Amino acid sequence: MTINDDDLVDQIRQALKVVIDPELGHNIVDLGFIYDVQVDDGAAHITMTATTRGCPAASFLREGVASSACLVPGVESVDVTMTFEPPWHPSMISPGVRSSLGFAEVN
């Protein structure tokens, strides 16, 4: 059985939910840190961010993303790119997590 790239992208996004931001206590997918996931012939390319450029957890999160994505069957390699464009903003957090963190509705 062959897994198509769209299914792999969904499985990778699901796998990344085990990566928890140590400061905010929620997974990086719901926090809006994952900007893009693409798969090309088993090679996963993930673009992500952190809350700020100087975030002390950025390396930890990046390593967690690479490790978690590698565990998805069909993924042969993982390339993680950290970016700060566009800058992360609390409005990128999923609504349920945003309210649990005490953020007011962001316009």
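Visitor: Which residues does Ile28 touch, not counting residues up to four places away in sequence?
Guide: Contact means heavy atoms within 4.5 Å. With residues up to four places away in sequence left out, Ile28 touches Leu16, Val19, Asp21, Phe33, Ile34, Leu61 and Val65.

Visitor: What pLDDT do local features need here?
Guide: Residues are numbered from 1 along each chain as its sequence is written, and side-chain values use heavy atoms, without hydrogens and water. The model is predicted: totals for chains, interfaces and linings use all residues, side-chain atom pairs count only at pLDDT 80 or more, and local features need pLDDT of at least 70.

Visitor: Which residues have the most contacts inside the largest nonpolar core?
Guide: Such a core joins buried Ala, Val, Leu, Ile, Met, Phe, Trp, Tyr and Cys residues through side-chain atoms within 4.5 Å. Buried means under 20% relative accessible area, exposed over 50%, partly exposed in between (1.4 Å probe, protein chains only). The largest core has 30 residues. Those with the most contacts inside it are Ile12, Leu16, Ile28, Ile34, Ile46, Leu61 and Val65.

Visitor: Which elements each supply at least two residues of this core?
Guide: Elements are DSSP runs numbered from the N terminus: helices (H or I, at least four residues) and strands (E, at least two). Contributing at least two core residues each are α1, β1, β2 and α2.

Visitor: Is Ser68 buried or exposed?
Guide: Ser68 sits in helix α2. Not counting residues up to four places away in sequence, Ser68 touches Ala15, Leu16, Val18 and Val19. Its relative accessible area is 10%, so Ser68 is buried.

Visitor: Why is the pair of Phe33 and Trp88 edge-to-face?
Guide: Rings of Phe, Tyr and Trp (its six-membered ring) pair if their centres lie within 6.5 Å; planes under 30 degrees apart count as stacked, over 60 as edge-to-face and the rest as tilted. By this rule there is one aromatic pair. The ring centres of Phe33 and Trp88 are 5.5 Å apart and their planes stand at 80°, so the pair is edge-to-face.

Visitor: How many residues apart in sequence are the parts that this pair ties together?
Guide: Phe33 and Trp88 are both buried. Phe33 lies in the loop between α1 (5–15) and β1 (34–40), and Trp88 in the loop between β3 (77–82) and α3 (95–100), so the separation of the parts they tie together is 55 residues.

Visitor: Where does Asp41 lie?
Guide: Phi of Asp41 is near 55°, a positive value in a residue other than glycine. Asp41 is exposed, at 68% relative accessible area. Its place is the loop between β1 and β2.
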